[in-house]
Amino acid sequence: MSQLGYMMLALGIGSYKAGLFHLITHAYSKALLFLGSGSVIHSMEPIVGYHPNKSQNMIFMGGLRQYMPITAITFLFGTLSLCGIPPFACFWSKDEILVNSWLHFPILGSIAFFTAGLTAFYMFRIYFLTFEGEFRGHFFDDSKKLSSISIWGSLELKKEQSKLDKKLILYPKEANNVMLFPLIFLTIPTIFIGFIGVLFDENTINVDFLSYWLTLSINSFNYSNSEKVLEFLFNAIPSIIIAFFGILIAFYLYGPNFFLKKKKKKKITISI
């Protein structure tokens, strides 16, 4: 929803090109993330069960990167793009909206910058809880401990939900080629599609590719801050710093050692 908010913000301030640009880049990145989520759910169902409270619950995930490397790396690319990290697709469109909103409406710009940090935080929270650390699908006895994770939304487990069928030890497997090929294919535009909004040689064209699509549209801004790539990158430094700050908070709270820290704290309290 935050990305749709950026598009509406761009339209509201008259930055039509940036809004359409973000719609294009966001489409590829979000499609990659949704397909990656489907691949994870598909691999979790044979292990924890087919109920959404089990197969779609991040409490039972973790450490999937070592079992599903292709899904993990493609999901990471989509996450980096949505967070606005260069040179991924959403960086170019998202920062154009941020810069324009800050220059013309500082209050809206400050809200947009704060939202950029939140996006980086919750996206990497998803990535860390799903793909890093140890696989938690077999820790059925510790489900009460795992249910105490502080996260947005209600993911508290009841006893009935935590009682999973004990089978032979199984681990998630990478999806078949029917799922992997679209993931790999969508990774390409997620990395490179943002460059269609970058200006070509100023001496020859003086406009970017998207501007030709919007020749008949009314755009109230001259995009003076986007005329040179280096100047655009310089203006994007604050948003990149905010995004990395959100990533660091997510790493500190939900990084690979998160559950080990929780267990150590409980052991210390018990020993005392």
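Is Gln 66 buried or exposed? Select Gln 66: at 52% relative accessibility, this residue counts as exposed. The cut-offs are under 20% relative accessible area for buried, over 50% for exposed, and partly exposed in between, with a 1.4 Å probe and protein chains only.

Before moving on, note that this is a predicted model, where local features need pLDDT of at least 70, side-chain atom pairs count only at pLDDT 80 or more, and totals for chains, interfaces and linings use all residues. Residues are numbered from 1 along each chain as its sequence is written, and side-chain values use heavy atoms, leaving out hydrogens and water.

**Stop 1: around Gln 66**

Gln 66 sits in the loop between helix H3 (52–55) and H4. Helices here are DSSP runs (H or I, at least four residues), numbered from the N terminus. Gln 66 and Lys 173 are 107 residues apart in sequence, yet 9.6 Å apart in space, C-alpha to C-alpha.

**Stop 2: helix H6**

Select residues 106–131, which make up helix H6. H6 has 26 residues and reaches 37 Å from its first C-alpha to its last. That is close to the 38 Å expected, taking 1.5 Å times one less than the number of residues. Gly 133 follows H6, with a positive phi near 80 degrees.

**Stop 3: the rings**

Show Phe 124 and Phe 128. Both lie in H6, 4 residues apart, about one turn of the helix. An α-helix has 3.6 residues a turn, so residues three or four places apart point the same way. Rings of Phe, Tyr and Trp (its six-membered ring) pair if their centres lie within 6.5 Å; planes under 30 degrees apart are stacked, over 60 edge-to-face, and the rest tilted. By this rule there are 13 aromatic pairs. Phe 124 and Phe 128 form a tilted one, 5.7 Å centre to centre with 50 degrees between the planes. Phe 124 is buried at 6% relative accessible area, and Phe 128 is buried at 9%. Ring pairs link Phe 75, Phe 124, Tyr 127, Phe 128, Phe 131 and Phe 251 into a cluster.

**Stop 4: the core**

The largest nonpolar core has 33 residues. Such a core is a set of buried Ala, Val, Leu, Ile, Met, Phe, Trp, Tyr and Cys residues joined through side-chain atoms within 4.5 Å. H6 gives the most to this core, with 8 residues. Finish on Leu 64, among the residues with the most contacts inside the core. Leu 64 touches Val 40, Met 44, Thr 130, Phe 131, Phe 135 and Pro 172 (heavy atoms within 4.5 Å), not counting residues up to four places away in sequence.

How values were computed: Helix = DSSP H or I, 4+ residues; strand = E, 2+ residues; numbered from the N terminus.
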